[in-house]
Amino acid sequence: MKNYLVTIGLEVHVQLKTRSKMFCGCPVEFGAQPNTHTCPVCLGMPGALPVMNHQALKMTALTGLMLGCTIPPVCKFDRKHYFYPDMPKNYQISQYDLPLCLGGGVPLHQLAFPKDVQKTVANPDKVIPLTRIHLEEDVAKSTHFDASSGIDFNRAGTPLMEIVSDPEISSPEEAFAYLTSLKQILIYGNVSDADMEKGQMRCDCNISLRPEGQTELGTKIEIKNMNTISGVRRALAYEIERQTACLDRGEKLLQETRRWDDASGQTSLMRVKESEADYRYFPDPDLLPVKTEAIVAEVRPFVPELPATKRARFASQYGVSAYDAGVLANDLPLASYFEKAAANARNPKNVANWILNELLSSLSNTETGIEACPISPEHLDELVNVIDEGKISGKQGKEVFAEMFATGKAPGVIIEEKGLKQESDLGAIEALCDQAIAANPKAVAEYKSGKLASINFLKGQVMKLSQGKANPAVAGEVLAKKLA
Amino acid sequence: MSLISLSISELQAQFRSKAVSPVEALEALEARIQAVDGEIAGYLNRDYAAALKAAQNADVNLPLGGVPIAIKDLINVKGESCTCASKILQGYRAPYDATVITRLKAAGAIPFGRTNMDEFAMGSSTENSAFAITRNPWDTDRIPGGSSGGSAAVVAADEAFASLGSDTGGSIRQPAALCGCVGLKPSYGRVSRFGLVAFASSLDQIGPFSKTVRDSALILNAISGHDPMDSTCLNEPVPDFTAKLGRDLKGVRLGMPKEYFVSGTDPQVDQAVRAAIKQYESLGAEIVEISLPHTQHAVAVYYIIATAEASANLARFDGVRYGHRTAEASNILEHYGRTREEGFGPEVKRRIILGTYVLSSGYYDAYYLRAQKVRTLIRQDFARAFEKVDAIICPTSPEAAFKVGDRSEDPLRMYLADIFTIAVNLAGICGISLPCGFAQVEGKPLPVGLQLIGKPFAEAELLQIAHAYEQSTNWHKARPVIG
Ligand SMILES: [Zn+2]
């Protein structure tokens with residue numbers, strides 16, 4: 001059995017968050033009644049003409065800047081011809097030889113990889129180079145019934161950004177990380193929500209295998225119809241296995257397009273590509289070439305701090321671990337929640353811990369998004385402060401936290417209401433300690449004979465006597481002193 | 001002179017003095033159409049009731065208040081048919097107004113009647129209409145020119161005061177010449193194409209047919225100007241195109257392209273045009289010989305670029321959303337094939353095939369890209385000529401109207417009918433055809449057209465030059481005898 005080298009390239013289509021369609025004024029809104037967001041332009045009526053959506057140009061240019069692309073001074077739009085009922089004009093306005101963005105790359109990072117390989121991935125910070133990013137219009141949506149088909153043109157003409165990677169991805173896990181990282185960046189730039197399940201991000205994979213030692217690439221096979229990022233990983237893993245088995249049997253692979261079926265976990269043949277389709281591209285005479293200089297200047301101030309920079313800054317500015325910084329920066333709303341909570345915190349690291357442990361698990365238990373979090377960042381910081389100051393115990397803190405999560409009240413109010421103020425008065429604690437020592441001679445004896453852990457038992461007794469209000473740290477100190 | 005023979009300017013004077021009402025004018029027009037259109041077949045359709053309602057409410061003080069204007073059947077008028085003289089759009093009703101229609105209505109005009117044309121504007125004789133062959137009012141055995149043959153014939157036959165047509169390679173100027181009326185192709189980008197069913201997007205331009213040069217200026221005033229719905233419609237200042245009418249021609253230099261005065265042009269046409277040039281000299285213009293060396297390639301370049309664009313533009317006619325749909329298809333490929341086979345006529349199919357071929361992978365560079373390069377050379381020819389002259393003067397068509405059926409079997413010979421007009425579209429400049437005499441053929445007078453070609457966006461100057469000649473002759477007053 002031979003070893004095979006895997007070459008993967010991804011073509012990702014991203015729906016942009018523009019208000020209106022690519023070439024007409026119809027609103028971009030999903031889930032509306034079929035064919036309610038249409039006009040002569042996006043229906044391809046006779047005589048209708050496209051008009052450029054500058055918002056879409058700006059969002060694509062911004063994406064280009066975020067991904068380090070080159071933006072040539074002029075781009076143009078071309079007609080790509082093929083007949084299909086979901087294509088109103090039977091040509092798609094796309095960009096052929098002068099796309100808006102060239103080059104650039106998507107940086108991977110450890111946390112972008114699937115959880116099960118994060119610890120073992122050899123090259124977590126690889127950058128996957130891009131070929132190009134261009135802008136085009138989406139097609140309509142076909143629905144097939146028993147004896148007929150319906151076409152919803154609401155989606156027809158909505159702006160679609162196509163991001164094409166170089167064939168430099170070498171495993172399904174890297175493809176996963178590529179999509180995860182790309183999605184993060186798109187969300188950071190607010191150009192798309194990039195949800196694959198909602199079709200906001202769609203991915204076609206090209207994969208080929210070649211025996212180790214061979215330089216010439218193997219037969220390119222395209223896979224379509226993955227609806228999740230993990231689906232992409234599974235589809236690629238399946239294809240590697242399938243193609244490996246074919247090649248091991250000495251079969252010759254055909255250049256074909258395969259459809260992924262998520263339920264069965266298999267790909268099946270859609271069509272064999274006998275020759276390259278001839279789309280007869282030519283410059284769309286209805287649209288003038290676009291000068292990009294002004295667009296780039298306009299969007300440059302909107303390039304956000306990118307995930308990698310944010311991760312590094314969280315670690316250096318707030319002293320959180322690289323891993324925690326990664327988790328916080330992975331999700332933009334979570335990152336901004338953390339920043340608000342940590343802004344004036346005395347101990348941002350503890351704030352991060354509370355977010356990553358208590359807060360995230362409460363959110364996930366109640367299926368609440370961070371945007372709808374009942375605890376304000378300021379209140380969380382306040383809670384962490386009263387614990388750090390010893391005003392309440394950590395255990396009490398969890399109780400207060402639960403109440404905060406349930407009611408949205410400020411921690412001070414809850415502490416007041418529940419009478420949770422921690423007892424730090426030395427005299428009162430000393431009295432309790434004396435009581436505990438008197439009542440537990442066995443533990444005292446053990447401690448004195450060298451079993452130092454017995455002090456914890458005594459401390460527990462003090463806490464019990466105080467109904468949990470005693471400051472455990474103070475109680476510990478007093479006990480140690482008294483037993484010395 | 002009867003009411004229906006009036007120019008727009010004359011008609012408006014009647015409206016404003018209350019001698020005639022817009023309703024009376026429309027009634028007279030309808031009576032004329034009923035009397036002669038059986039012979040001419042200039043109209044495909046008209047909605048008299050709707051026009052009458054508009055006439056009753058007309059504001060005659062608007063620039064074109066109460067004036068009915070006939071519309072070539074490829075310009076969308078909301079609620080009306082817009083067949084492009086093709087079976088594939090039979091039954092289609094326009095869901096919106098083209099920008100030119102919105103503007104005509106705003107100027108008070110009444111779009112009235114849909115004029116016949118070559119199917120999808122492909123042709124030079126109007127014989128390629130799927131519905132009727134329009135006849136030349138001067139000799140009904142002959143063609144009116146094309147593709148806007150209907151729009152030209154109805155103006156010449158006094159079945160319309162004026163009309164709109166479209167010009168991709170001469171489709172306004174050539175029928176205007178053959179029918180003996182004025183036809184103006186504005187500069188590319190002067191008039192919005194939104195709502196004009198596209199034949200060749202980089203060449204198409206809407207323009208008026210009229211009985212006088214002034215009327216064309218009035219219509220151009222109404223329809224010109226930047227349109228946010230058409231990215232190729234430029235934001236150039238729009239002057240009052242009547243402002244320069246009546247100025248003399250002192251200091252005006254007219255260029256005679258030597259390539260346009262060669263054998264091949266009908267001698268009577270050549271004679272009439274040379275006489276017009278003499279007339280210009282007597283009006284004070286200076287005549288300068290110029291050269292347009294690359295125009296010999298114009299026809300070839302045109303049939304590559306226009307067909308390429310048409311093959312894409314006509315792809316949308318597939319019977320899925322509107323228009324003709326085949327009754328017999330068992331799958332989607334068959335649906336496309338049969339719908340388009342049944343819906344398109346032979347000339348349209350020929351051009352779709354040509355256009356598809358020149359855009360095909362492996363041929364693109366040799367044909368389309370090369371044609372675009374030659375197009376640039378042609379544009380430069382004109383730019384160089386306009387350094388020396390204010391306008392160019394030449395025949396509109398190498399011959400007068402030919403007989404129906406005469407060329408239908410010989411598409412190449414038909415294509416040469418536009419030899420003097422095509423380069424203007426390729427260069428994106430403006431051109432006008434106006435009557436300059438008659439050729440006597442088989443005992444009948446057939447109109448000859450004089451073409452004037454102007455600098456980009458210099459329609460005001462072009463109209464001034466045309467108007468000076470028109471007012472010094474009586475050609476524009478001649479009317480055909482019909483029946
Ligand atoms: Zn629309």
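Predicted model: local features only at pLDDT ≥ 70, side-chain atom pairs only at ≥ 80, totals over all residues.
Residues are numbered from 1 along each chain as its sequence is written, while chains are lettered from A and ligands numbered from 1 in the order in which they are written.

Chain B in brief:

| Property of chain B | Value |
|---|---|
| C-alpha box along the principal axes | roughly 70 × 55 × 50 Å |
| Buried residues | 60% of 483 residues |
| Secondary structure | 15 helices and eleven strands |

Buried means that 20 or more other C-beta atoms, placed from the backbone, lie within 10 Å of the residue's own. Helices (H or I, at least four residues) and strands (E, at least two) are DSSP runs, numbered from the N terminus.

Now the interface. Chain B places 34 residues in contact with 24 residues of chain A; contact means C-beta atoms, placed from the backbone, within 7 Å. Helices H9 (298-313), H10 (332-343) and H11 (346-359) of chain B each give two or more residues to this side. H9(B) gives the most, with three residues.

Chain A holds an open sheet of three strands, ordered S4-S3-S15, with antiparallel pairing. Pairing takes at least two DSSP bridges between two strands. S4 (91-94) and S15 (282-283) of chain A are the edge strands. Strand S3 (residues 78-81) of chain A pairs with S4(A) over four bridges. A:Lys80 has A:Gln92 in S4(A) as its bridge partner.

How values were computed. Contact = placed C-beta atoms within 7 Å. Buried ≥ 20, exposed ≤ 12 C-beta atoms within 10 Å, placed from the backbone.
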